There are 2 protein chains.
Amino acid sequence: MTVPQPPRLFLRILFGDAAMLGPGKAQLLEGIRDTGSISAAGRAMGMSYKRAWSLVEEMNAAFAEPLVASARGGAGGGGAALTPAGERVLQLYQAVTARAAEAGAAEIAQLQAMLRHGDMSGGK
Amino acid sequence: MTVPQPPRLFLRILFGDAAMLGPGKAQLLEGIRDTGSISAAGRAMGMSYKRAWSLVEEMNAAFAEPLVASARGGAGGGGAALTPAGERVLQLYQAVTARAAEAGAAEIAQLQAMLRHGDMSGGK
């Protein structure tokens, strides 16, 4: 018996036609908060150092205050941390996700019931 | 003066660890409903015929009833249409999106206000 996985909702918010906030950036912010390192946070997501840095730079440029503060260089590289703005953005993104999942729960359950294996009664 | 674009929310719903419904599939369903053709719907999204067919087959396999009915072959190819299940799935997906945007509006507005150009006061 496998434990049935409940449906999961992933959100991407597009601001105007430039700034974008989605599950990848949110997970990266979480990782930086938890590990104190941009490269460790990226690595945990299977992301190159370069890619993780580029996403951080993109976020820092898109918001009025930087979301991630980092000290580059030194042996082992400098550490990184979320700024208060970074904590706030992560919190708001997570709140949108939670509210969306709650607000759409009835429709999501109806979609799930229409799946071939919508009953989730064990099996694959 | 450019007209400021309001934030837009894109949703991806992951059912268990297999079936997935997101903006691409929803837009493809819309296109098929509107054009009566899988290839025309895919083309409008810059998607190859093969890719559009593969997404339709994936959706038809994931749900208990097919979402798209199609008549293949013939000169110019057969037409395609949403089945009642397809109409329903599209409707439910759009309802989740609308409810999510409404439920998260306050947080999305707060995120937008934190952007460097969050005031959206003209310009790029």
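Which side chain of chain A meets B:Arg99 in a salt bridge? The partner is A:Glu107, with 2.7 Å from N to O. Do keep in mind that this is a predicted model. Here is a short tour of how chain B and chain A come together.

**Extent of the interface**
- On the chain B side, 39 residues are in contact with 39 residues of chain A.
- Together the two chains bury about 3600 Å² between them, and carbon and sulfur atoms account for 70% of that area.

**Polar and charged links**
- The rule finds two salt bridges across the interface of chain B and chain A, and the pair B:Arg99 and A:Glu107 makes a salt bridge through its side chains.
- There are also 18 residue pairs in polar contact across this interface, counting pairs with both residues at pLDDT 80 or more.

**What chain B brings to the contact**
- Four elements of chain B each give two or more residues to the side that touches chain A: strand 1 (8-14), helix 3 (49-62), helix 4 (84-103) and helix 5 (105-114).
- Helix 4 of chain B supplies the largest share of that side, with 10 residues.
- Sorted by class, the side of chain B that touches chain A holds 27 nonpolar, six polar and six charged residues.

**Strands that pair between the chains**
- Strand 1 of chain A (residues 8-14) pairs with strand 1 of chain B in the antiparallel sense, and seven bridges join the two.
- To find your place in this pairing, look at A:Phe10, whose bridge partner in strand 1 of chain B is B:Arg12.

Note on methods. Residues are numbered from 1 along each chain as its sequence is written. Chains are lettered from A and ligands numbered from 1 in the order in which they are written. Side-chain values use heavy atoms; hydrogens and water are left out. Contact means heavy atoms within 4.5 Å. Buried area is the accessible area (1.4 Å probe) that two parts lose on being put together, summed over both. A salt bridge is a side-chain nitrogen of Lys or Arg within 4 Å of a carboxyl oxygen of Asp or Glu. A polar contact is a pair of N or O atoms within 3.5 Å; within protein, one must be able to donate a hydrogen and the other to accept it, and residues adjacent in sequence count only if both atoms are side-chain atoms. Ala, Val, Leu, Ile, Met, Phe, Trp, Tyr, Cys and Pro count as nonpolar, Asp, Glu, Lys and Arg as charged, and the others, Gly among them, as polar. Two strands pair if DSSP finds at least two bridges between them.
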